[in-house]
Amino acid sequence: MLGIIDCNNFFASCERCFDPSLLGKPIVVYSNNDGCVIARSEEAKALGIRMGMPAFELKDIVKEHPVRMFSSNYTLYGDMSRRIKHMINQFSPRVEDYSIDESFIDLSGLDLINLFDYVKNMRDKITQDSGIPVSIGVASTKTLAKIANRFSKKQFRAVGVFIIDTESTRIEALKATKVEDIWMVGRRISSKLNAKGIFTAFDLSNVSPSWARTNFSVVLEKTVYELQGRLCIPLEEKSKNKQHIASQKSFGSLQTELEPIAEALANYTARVAEKLRQQQSVAGGIEIWLGTNNFSKTDKQYFPKISTRCDIPTDFTPYLIKLAMEALKSIYKTGFKYKRVGIMLIDIRGKCDGTLNMFHSVNRDKQDKLIYQLDRINMINGRDTLKSAQQGFSSSWKMKQNHLSRKYTTKLSDIIQIS
DNA sequence: TCTGGGGTCCTAGGACCC
DNA sequence: TCTGGGGTCCTAGGACCC
């Protein structure tokens, strides 16, 4: 058996955790730029606030009801996530870190008679000790465990645990689940399934896996097997290194000049390079893109993209920034109102198996020592204490965060930065 | 006026090899 | 008039996840 532990309304719960006056109140957490809703408390859901709802559509609801709004505070959520994962590790030797608010756990070897007690205790303890309510679904496959988790939230909220451990429970759960609510079945696939007369998870569990593969994909084939109780998607304990590392953000206001866009891009490049070094990799190239506001009906649209290669695979921020600046200049054109810029590191590989260029004489040791000291200084003193001049000091491009909460759980230097 | 950001895997088609 | 068969690698786009 395996389980999935999922934090309820995670971002909203994190905000509430540090402000008891928010108990029982509708809370929403906004995306970057305070653009749209990405998390809601139960009370907010009850008011009809939908996931992804643009902020301006909330205006009327907010007038009528005291909705508390928050800009997303990933420093806080990331740290809470780290704490909860630490607790989860006390309950199972094998854990897969699946997302910021979800973990799969191996529950094999537990006597079935005690399974419920064990999981229930785990759920209560984590909820109590972290201050974030969690729900646990348990079954023989990941796909079924996800369905069990939905049940634990919907039908068995007070308990917070649901286990699919008998054939009759499995069938009952599948019959009560629509295809669009199955993990790995999105909007496109579910509407195609509906057109073929398949509406519930139970319907889908009765098709032949090879039919699913022929008519859809190997992904849906695995889903069918997993609904039948046959494990196809194993637990992955070791988190793999990223193959792409990207950063893109919408500007706080539309930009027309090159300079602020270049400054923003230099900052995003510094971020992705930092992440690259954290996983001890180097990148063989970069991809840069630029975009106008695609929601606008009147603005001229322009979405250029370009990729370039490094002379030798590298993790050296100044070099990557230089490359990014050259790429940006080659796609930037005047006469457009730009909404976002982004960078992706591509062709990522381990630092040690990076290829050398026999015609290139860069002193890598020197670069490594320099960037190591930069990372060290920034870790101790706070992000961007030491940075590239190209990253600049202007703020015209920076995102809107008008409802940001405190970084309650992390270092002083971070807290000082927001004030 | 105002609509997020960061990922993965799979597949089809093109370009190339012998 | 009639022109093979078996591969690999790369890329772009689609679908999905949180």
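Which residues have the most contacts inside the largest nonpolar core?

## About the model

This is a predicted model, in which local features need pLDDT of at least 70, side-chain atom pairs count only at pLDDT 80 or more, and totals for chains, interfaces and linings use all residues. Residues are numbered from 1 along each chain as its sequence is written, chains are lettered from A and ligands numbered from 1 in the order in which they are written, and side-chain values use heavy atoms, leaving out hydrogens and water.

## Nonpolar cores

Val341 and Leu345 have the most contacts inside the largest nonpolar core, which has 36 residues. Such a core is a set of buried Ala, Val, Leu, Ile, Met, Phe, Trp, Tyr and Cys residues joined through side-chain atoms within 4.5 Å; buried means under 20% relative accessible area, exposed over 50%, and partly exposed in between (1.4 Å probe, protein chains only).

Apart from this core lies another, of 31 residues, including Ile27, Met87, Met122 and Val134.

## Aromatic pairs

You will find 17 aromatic pairs here. Rings of Phe, Tyr and Trp (its six-membered ring) pair if their centres lie within 6.5 Å; planes under 30 degrees apart count as stacked, over 60 as edge-to-face and the rest as tilted.

Phe104 and Trp183 make a tilted pair, 5.8 Å centre to centre with 55 degrees between the planes. Phe104 is buried at 0% relative accessibility, and Trp183 is buried at 13%. Tyr302 and Phe336 are stacked, at 4.7 Å and 25 degrees, and both are buried. Phe10, Phe11, Tyr74 and Tyr77 form one aromatic cluster.
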